[in-house]
Structure formats: C-alpha cells, structure tokens
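Have the model open as you read.

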Amino acid sequence: FIVPPLGVFLVAGCGVDLLINILLTCLGYFPGHIHAFYVEYVYYKRRDEARAGMVSSAPAPGVYSERVQRGGYGTMGSVGSAY
C-alpha cells in the first residue's frame, strides 16, 4: 500500500491497468492510490462473488484486466476452478 503500482501489479499483472496506475501515481500520489484501491476492490469483490456462486456479467467500468474482471478465476462459467 506504500507503492500503488505494486498492488495493481499483484492483482492485475502487467497490462493497461498497471500503466494507468503508474501514470496516475506520477501525476499525484493520491490519484494513484484511489485507482489502486478501486482495482483491488473490484478484484476481491469479484473473487468473493465467484466463490459464493454469483456471477457478475457486467464488466466493472474502468478496469481493463480480464483477471480482475473474473476475480482471478479462469472463466466465469466454471467458477469452481481457480488459477
């Protein structure tokens, strides 16, 4: 939580979300933090919903990582199998 891009990298991997977070962190520390918290919130919320058997079909706005959109799971159809 000290370095916002690190948290985004851990949940979203290397991609557009990480690039956006790096740019926001360079522009200002708080915008980078807000974006990192949002990406992490979406990831953990989707993961918990997938574990409970609830599937969210609408993508979260502003999140470009498929891993975050799925909550870390393979496909939304097969909720029981995790990476």
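This is a predicted model: local features need pLDDT of at least 70, side-chain atom pairs count only at pLDDT 80 or more; totals for chains, interfaces and linings use all residues.

Of the 83 residues in this protein, 42% count as buried, where buried means under 20% relative accessible area, exposed means over 50%, and partly exposed is in between (1.4 Å probe, protein chains only). Residues are numbered from 1 along each chain as its sequence is written, and side-chain values use heavy atoms, with hydrogens and water left out.

What does the secondary structure come to? There are 4 helices and 0 strands, and along the sequence they follow the pattern α-α-α-α. Helices here are DSSP runs (H or I, at least four residues), strands are runs of E with at least two, and both are numbered from the N terminus. Of the contacts with a separation of 6 or more, 51% are between residues 24 or more positions apart; contact means heavy atoms within 4.5 Å.

Start with the pairing of α1 and helix α2 (residues 16-27), which pack at an angle of about 175° with their axes 9 Å apart. That makes α1 roughly antiparallel to α2. On the α1 side the contact is made by Pro 4, Pro 5, Val 8, Phe 9 and Ala 12, and on the α2 side by Asp 17, Leu 18, Asn 21, Ile 22 and Thr 25. For the geometry, axes are lines fitted to C-alpha atoms, for helices over the stretch in contact, and angles run from 0 to 180 degrees between N-to-C directions. Angles under 35 degrees count as roughly parallel, over 145 as roughly antiparallel, 65 to 115 as roughly perpendicular, and the rest as oblique.

Now move on to α2 and α3, whose axes come within 6 Å and cross at roughly 155°. Again, that makes α2 roughly antiparallel to α3. Here α2 brings Asp 17, Ile 20, Asn 21, Leu 24 and Thr 25, while α3 brings Tyr 29, Pro 31, Gly 32, His 35 and Ala 36.

Next, the core. The largest nonpolar core has 10 residues: Val 8, Val 11, Ala 12, Ala 36, Val 39, Val 42, Tyr 43, Ala 60, Val 63 and Val 68. The elements giving two or more residues to this core are α1 (4-12) and α3, and α3 provides the largest share, 4 residues. A nonpolar core is a set of buried Ala, Val, Leu, Ile, Met, Phe, Trp, Tyr and Cys residues joined through side-chain atoms within 4.5 Å. Take Ala 60: leaving aside its neighbours within four places in sequence, Ala 60 is in contact with Tyr 38, Val 42, Arg 46 and Gln 69.

A search of the whole structure finds 0 disulfides, a disulfide being a pair of cysteine sulfur atoms within 2.5 Å. Cys 14 counts as exposed at 72% relative accessibility, and Cys 26 is exposed too, at 65%.
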